[in-house]
Amino acid sequence: NTIVAQISPAVPVKAVDPTGAGDAFAAGFLYGLWKDSEAYPEGWPDTKFVRQALEWGCALGSAVVTVKGASVVVEHSLILEIREKQLA
């Protein structure tokens, strides 16, 4: 096995409800892959995209568990705050 990318451990959050955490991680991961993909039309030149995808997936998955219910909107600012803490 080859490690393609890794990030720091997850940022601790107060978990209220784990409903939707996996789906939120997947959505954030896909967003992270897509976010800068147009800048490299020939394909992904390195592991930057996988790392970025992991960062967004973990941030969104972590933010989602802080609210109760699967249909509750998570504040965008919370997602960005968690991601910034991950990068620190």
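View 1. Welcome to a predicted model, in which local features need pLDDT of at least 70, side-chain atom pairs count only at pLDDT 80 or more, and totals for chains, interfaces and linings use all residues. Residues are numbered from 1 along each chain as its sequence is written, and side-chain values use heavy atoms, with hydrogens and water left out. The secondary structure comes to three helices and zero strands; here helices (H or I, at least four residues) and strands (E, at least two) are DSSP runs, numbered from the N terminus. The C-alpha trace spans about 40 × 25 × 25 Å along its principal axes.

**View 2. Confidence across the model averages a pLDDT of 87.** This score is the predictor's confidence in each residue, from 0 to 100. A score of at least 70 is reached by 91% of the residues. Where is confidence lowest, and where is it highest? It is lowest in α2, at a mean of 90, and highest in α3, at 94.

**View 3. Helix α1 has a span that agrees with its residue count.** Its 15 residues should span 21 Å at 1.5 Å a residue, and its end C-alpha atoms are 20 Å apart. The expected span is 1.5 Å times one less than the number of residues. Ala-24, Gly-28, Gly-32 and Leu-33 of α1 are buried, meaning under 20% relative accessible area, with exposed over 50% and partly exposed in between (1.4 Å probe, protein chains only). An α-helix has 3.6 residues a turn, so residues three or four places apart point the same way. The cover over the buried residues of α1 includes α2.

**View 4. Helix α2 is mostly covered.** This helix takes in residues 48-64 and reaches 24 Å from its first C-alpha to its last, close to the 24 Å expected. How many of its 17 residues are buried? Twelve are, among them Phe-49, Leu-54, Trp-56 and Val-64. Both α1 (21-35) and α3 (76-87) are included in what covers the buried residues of α2.

View 5. Contact means heavy atoms within 4.5 Å.
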